[in-house]
Amino acid sequence: MGTTVFVRYLPLLLLAILWEIAPRLHLVDPSELPPLSAVSKAWVGLLMDGDLWTNGVSSFVNWFFGLGGAILVGVPLGVMMARFQVVDDVASPVVKALYPMPKSALIPVMILWLGLGAGSKIASIGMSCLLPVILSAYNGSRGVDHTLVWSARSCGANERDVLWEVILPSALPEILAGIRNAVAISFIVLVASELLVGQRGLGYLISFLGEGGVYDAMFAVVITVSALGFFADRAYLYFMRRTLVWRE
Amino acid sequence: MMGSGIIFGQVSHTYRPPRGRPVLALDGVSLEVKEREFVALLGPSGCGKSTLLYLLGGFLPCEAGSISVGGQPVMGPGPDRGVVFQNFALFPWKTVRQNVLYGLEKQRMPKAERERRAQELIDLVHLSGFEDSYPSQLSGGMKQRVAIARTLAIDPKTLLMDEPFGALDAQTRTLMHEELLAIMRRTPKTVVFVTHDVREAVYLADRVAVMTARPGRVKEIVDTRPPDGARTEFIHTREYTEKVDYLWNLVRDEAIRAQEERD
């Protein structure tokens, strides 16, 4: 087991070694790509003086409320669109029109409406994550096998029971897959919105350090954000598999 | 006490697809099923026999004609009419035990009692030891036994079966026939059984209603009760073979007509 893990992450290790050697041998300009050891040292520095922590917390708050809001609004809306024609008629054209829009195009609009603080960032993340969540809930609920609904009804289930006990669990695999897409989008929009404006967050820290020319620290934050995204996806995947054990 | 005799009176049904023109699926079907009688609806695919069953189940609205169970018009689905579908229709996220418990929970049976009842039914369909398995871990025959247990658990007076063994292999199907007959001996019910398998219809049913190709009408009703009432032996008698031949000829014409219409 130890060896397989080692083999699997070997390419990453090689990349790390290359990252260390290339700037030292001046194959690349060390001021543009500081060696990994310098980046690591800067990372420890950021951790010690608390910059990583305070900005991380404020990014986390934006991410949590943005994504959480998208899930809280998107799942019920998608299910309702699938179940009630009226809701579908009203919401579908809006959803379809917004679908091809680049998510980051929303950020300036949100800043205009909600200002430079956390509000506009939460709204940008929320709006961007909303569509994949709505669509997955919609498709998942539409695809429910009607014999399942009929079986429940003939067992004595009412409309409300059917919604909670048949439609939602049936749609759950698709909903969870949609949320996974939303998690990926949330990280992109989170960093993009903080890069653009603001005085807080990991995205802000990247642009602040970049503008100040502190590249080793800037790379340290970039790696941190990537690692957070990676582990968030892994943790989510684990949760998803646990929730859907019944599938295989 | 309310009975469970079923009366279809001049039932017609038009199927309206989202795109394309409406299709007359059933055209004035009249049929009476007596209490505790086992009636098979036999016909070629697309003859509307399943539609008739869904109307009886209350899953589709009855727009023309009347359907009553125990003298009461069918207004919607209800626990007095249990259903078994060809695709099993088990809740895939629930274990065997949870599936069987579902109807009992809906009927608000006290916890201890419903646990006992569920186990009883699981034992009845020979699935002891699989209580905590998910449907995805079971074979087709086992899945259908779970579905039957779930339906029987709430003790419906009427059982509606929509080609319940159609997705099973021949051996499993034969075993399931014997099991179904054994269960019906223990807890007799009114059964409406949809099938396109002539032998299955003759073997299981008291009467077989043969339906025409679309639009579905009742072409003929044939009595298939074994003379001495012994069903398991029936299959080896000449009467059985004769009934099968007779019914096959009736269905054959309709199957050919249905096929011509498709081509």
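**View 1. Six strands of chain B form an open sheet with mixed pairing.** The strand order is β6-β7-β8-β3-β9-β10 in chain B. The edges are taken by β6 and β10 (218-223) of chain B; each has a single partner strand, so one side of each lacks a neighbour in the sheet. On average, and with direction ignored, neighbouring strands of the sheet are turned by 15 degrees against each other.

**View 2. Helix α4 (residues 140-153) of chain B packs on the sheet.** The helix touches β6 and β7 (158-162) of chain B. Its direction makes about 175 degrees with that of β6(B).

**View 3. Chain B contacts chain A through 21 residues, which meet 14 residues of chain A.** On the chain B side, the elements giving two or more residues are β6 (81-85) and α2 (96-106). The most comes from β6(B), with four residues; β6 of chain B is also an edge strand of the sheet in View 2. By class, this side of chain B has 12 nonpolar, seven polar and two charged residues.

**View 4. Confidence values accompany the predicted complex.** The predictor assigns an ipTM of 0.91 and a pTM of 0.86 to the complex. For chain B the mean pLDDT is 90, with 98% of its residues at 70 or more. Where pLDDT is low, predicted coordinates should not be read in detail.

Note on methods:
Residues numbered from 1 in each chain as written. Chains lettered and ligands numbered in written order. Predicted model: local features only at pLDDT ≥ 70, side-chain atom pairs only at ≥ 80, totals over all residues. Contact = placed C-beta atoms within 7 Å. Nonpolar A, V, L, I, M, F, W, Y, C, P; charged D, E, K, R; others polar. pLDDT = per-residue confidence, 0-100. Pairing = 2+ DSSP bridges. Axes fitted to C-alpha atoms, helices over the stretch in contact; angles between N-to-C directions.
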